[in-house]
Amino acid sequence: MRLKALQEMLAADADDAFALYGLAVELKVMGRSDEAEPLLRRLLEVEPTQVYGYYQLGEVLLADGENDAAEEVLRRGVTQAEAAEDGKALNELRALLDLC
């Protein structure tokens with residue numbers, strides 16, 4: 001149900017940051033990371049300050065063994081979290097970055 005609603009929202013507006021993030025996370029949880037990755041990349045194009053998009057994409061890339069790409073994405077996320085003064089996100093991004 002939630003998946004379909006997010007897909008419909010995205011069909012109505014391909015740049016809807018909420019729908020991009022929500023659908024990507026739903027797909028990731030379902031083990032469909034290959035479908036989640038492009039949505040997360042699009043999210044970060046549309047809403048580059050969405051720090052948890054960097055976290056989610058970093059997780060997807062790490063799970064796929066793409067450590068260098070994950071490191072680059074997570075470093076960009078750290079920069080955004082620092083700019084936003086979001087300490088919680090910053091700590092989470094740095095912890096994930098340590099796994100690269």
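**Terms and the values behind them**

Author: Ser 33 touches Leu 27, Lys 28 and Val 60, leaving aside residues up to four places away in sequence; contact means heavy atoms within 4.5 Å. This is a predicted model: local features need pLDDT of at least 70, side-chain atom pairs count only at pLDDT 80 or more, and totals for chains, interfaces and linings use all residues. Residues are numbered from 1 along each chain as its sequence is written, and side-chain values use heavy atoms, with hydrogens and water left out.

Reader: Why is Ser 33 called buried?

Author: Buried means under 20% relative accessible area, exposed over 50%, and partly exposed in between (1.4 Å probe, protein chains only). Ser 33 has a relative accessible area of 18%, so it is buried. Ser 33 is found in helix H3, residues 33-46; helices (H or I, at least four residues) and strands (E, at least two) are DSSP runs, numbered from the N terminus.

Reader: What makes Glu 92 partly exposed?

Author: Glu 92 has a relative accessible area of 27%, and therefore counts as partly exposed. Glu 92 lies in helix H6, residues 87-97, and touches Tyr 52 and Tyr 55, not counting residues up to four places away in sequence.

Reader: Why are H2 and H4 called roughly parallel?

Author: Helix H2 (residues 17-29) and helix H4 (residues 51-63) pack at an angle of about 25 degrees, with their axes 11 Å apart. Angles under 35 degrees count as roughly parallel, over 145 as roughly antiparallel, 65 to 115 as roughly perpendicular and the rest as oblique. H2 and H4 are therefore roughly parallel to each other.

Reader: Which residues of H2 and H4 meet?

Author: Tyr 21, Val 25 and Lys 28 in H2 meet Tyr 52, Gly 53, Gln 56, Glu 59 and Val 60 in H4.

Reader: How do you know that the protein chain is as compact as a globular protein of that length?

Author: The protein chain has 6 helices and 0 strands. The radius of gyration is taken over C-alpha atoms, and the globule rule is 2.2 Å times the number of residues to the power 0.38. The radius of gyration of the protein chain is 13 Å, close to the 13 Å that the rule gives for 100 residues, so the chain is as compact as a globular protein of that length. Of the 100 residues, 40% count as buried.

Technical notes. Axes fitted to C-alpha atoms, helices over the stretch in contact; angles between N-to-C directions.
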